[in-house]
Amino acid sequence: MKRFILAIWAVCLLSAIDVCAQTIKGIPYQTIVRDEQGNPMPNQEVTVRFYIQRTLSTRSDAEPQLLYSETHSTVSDANGQVSLQVGTGTPLEGSFEAVDWWGKVSIETELELPGTGERVFTTTQELGTVPYALSAEKALLLKSDDGTQWSLECDNEGNLKSVKIPQRYTKLVFSDEFEGTGLPDDSKWGYEEGYTRNGEEQYYTVAREENCYMADGYLHIVCRNDSALIENALYEKPWSAGGSHGYRADTIIPITSASVVTKGKFAFTYGRVEVRAKLPVCLGSWPAIWMFPQDRSDWPACGEIDIIEHVGYDPGNIYFTVHSTELNGNNQPNRYASSAPIENPEDWHVYAFEWHPDRLMWYIDDELQFTVVRSRVYSDSNWPFNKDFYLLLNFAFGGGWGGREGIDIEALPREYVIDYVRVYQ
């Protein structure tokens, strides 16, 4: 008997809602029917049943009370998608209009493919704090025969996209597929500003589309030799002996770039990070994917995790490093640092990092490249990697490492292109 995978997404776009009376006229709902390889199944008959229920007890094993149920018989479209309206099906028990929506109410969804004899239940969707809206949680799909799991993403236009969940992980806790246009989502990303570190040539601008924008499903971070007038620029370049420091003024900035960060918006402890990207390569280029704790004032004691760094004068290698008080760049040899060869860094590659309580693991295109194992005797001085870190994506130019063998300003502009960022736990 052939098995199927059913992907569920409950979209919280409610129509004709009387908020005062908390009356719902219908809840739009979408699902994609997939085969065991995760491929959408067009023109597939499917039966969908919704069960609206309330849990009265706080006990974890408490059985919910059924408030209303209904059934729909429909056919998926050419993309395998099914669109329905909860509340407009054939009632099985109770009345949709009579549901009062108070308390811990949830909706369980049952799907059946006629002729298979199998019924598939999705993860129950609990209602959000707003009593008339389904929580827009990502639904975890069933496993295929090889153990692969899938999650479903939905962009602001309601387009659905499946996301593979790596083995040993069960949920996607952060992701950006960069499907929009213009500046990146400010609920997920902020910016570093100014001349930040390492004697680098670039000034990191804030929310300037010339340096950071989304288009065609990608995030573009662009380093430019544009002599841009930056209004109210933070002029602080401590490595410039003749420079003035610590004030803001409208300033002509020779080289501009961007560094986007999730600081104050998303941080996590332990999990897997995946970034699919094309790296810029020229003399002076220094793109990175890395992580910092919220408080970085006591570096390197606070810790730093460099998922990847790449320097343009050494295009055939990707570098992996973590920093702590005892093991840092100035303490050689550093068993917390390594590198791996890479072909064509300007092509698409998936850079991944797994963070466990006792080890750190780096991957390129699913191939393990480097592992750091925690010592049997450890402390904050050699293992400060046990607290929340946030993510950074930046395109530096020149500086202590990127400019070690010179810079080629004429090679600018160059683009660092990111397809997606995903964090699993």
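A nonpolar core is a set of buried Ala, Val, Leu, Ile, Met, Phe, Trp, Tyr and Cys residues joined through side-chain atoms within 4.5 Å. Buried here denotes a relative accessible area under 20%, exposed over 50%, and partly exposed the range in between (1.4 Å probe, protein chains only). The structure is a predicted model, in which local features need pLDDT of at least 70 and side-chain atom pairs count only at pLDDT 80 or more, while totals for chains, interfaces and linings use all residues. Residues are numbered from 1 along each chain as its sequence is written, and side-chain values use heavy atoms, with hydrogens and water left out.

The largest nonpolar core holds 51 residues, of which M291, L393 and I418 touch the most other members. Strand 29 (residues 389-397) gives the most to this core, namely five residues. Apart from this core lies another of 20 residues, including Y29, M41, L111 and L113. Beyond its neighbours within four places in sequence, M291 is in contact (heavy atoms within 4.5 Å) with residues that include F268, V273, F353, W355 and F389.

The protein chain as a whole has one helix and 30 strands; these are DSSP runs numbered from the N terminus, with helices being H or I of at least four residues and strands E of at least two. Buried residues make up 51% of its 425 residues.

Strand 21 pairs in the antiparallel sense with strand 26 (residues 349-355) over seven bridges, pairing being assigned if DSSP finds at least two bridges between two strands. In this pairing G271 stands opposite W355. Strand 21 also pairs in the antiparallel sense with strand 30 (residues 414-424), over seven bridges, and there R272 stands opposite Y424.

Charged residues form a further theme. Side chains of opposite charge can pair when their charged atoms come close. Eleven salt bridges are found in the whole structure, each being a side-chain nitrogen of Lys or Arg within 4 Å of a carboxyl oxygen of Asp or Glu. R272 forms one with E274, their closest N and O atoms being 2.8 Å apart, and both residues are buried. A network of salt bridges links R168, R272, E274, E354 and D366.

Elsewhere, the side chains of R197 and E192 meet in a salt bridge (2.6 Å, N to O). R197 is buried, at 14% relative accessible area, and E192 is buried, at 9%.
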